[in-house]
Amino acid sequence: MAMSEQETKRAVINRLRTIKGHIQGIEKMVEEDKNCKDILLQVAAVKSSLQKTGIVIMENHTKSCLMDEELDREELEKTIKIIVDFMK
């Protein structure tokens, strides 16, 4: 079952707020001189969360924009470049 744009927006905002909380936690860990291994584990978790959030945004954009609109070649190439850049 596909999510509506409002549901997707709420999901993305919730993910970003969670990521923000994780980053604040990492900042606190650094300030408290916590173990580097533990800090890197949290950084990896944030990186993964950002990647997943980007995928949700990209999927929504693809469904709502690319499938519903007739894009000229230049706009389609710009969109493809954004997706490729995201995947790097």
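**Core, burial and surface**

Tutor: The largest nonpolar core consists of 5 residues: I19, I26, M29, I39 and V46. Helix 1 (5-31) and helix 2 each provide at least two residues of this core, and helix 1 gives the most, with 3 residues. This is a predicted model, in which local features need pLDDT of at least 70, side-chain atom pairs count only at pLDDT 80 or more, and totals for chains, interfaces and linings use all residues. Residues are numbered from 1 along each chain as its sequence is written, and side-chain values use heavy atoms, without hydrogens and water.

Student: What makes a set of residues a nonpolar core?

Tutor: Its members are buried Ala, Val, Leu, Ile, Met, Phe, Trp, Tyr and Cys residues joined through side-chain atoms within 4.5 Å.

Student: Why is T53 called buried?

Tutor: Buried means under 20% relative accessible area (1.4 Å probe, protein chains only), exposed over 50%, and partly exposed in between. T53 has a relative accessible area of 3%, and is therefore buried. T53 is found in helix 2 (residues 36-66), where a helix is a DSSP run of H or I with at least four residues, numbered from the N terminus.

Student: Which residues is T53 in contact with, leaving aside its neighbours within four places in sequence?

Tutor: They are V12, R15, L16 and I19; contact means heavy atoms within 4.5 Å.
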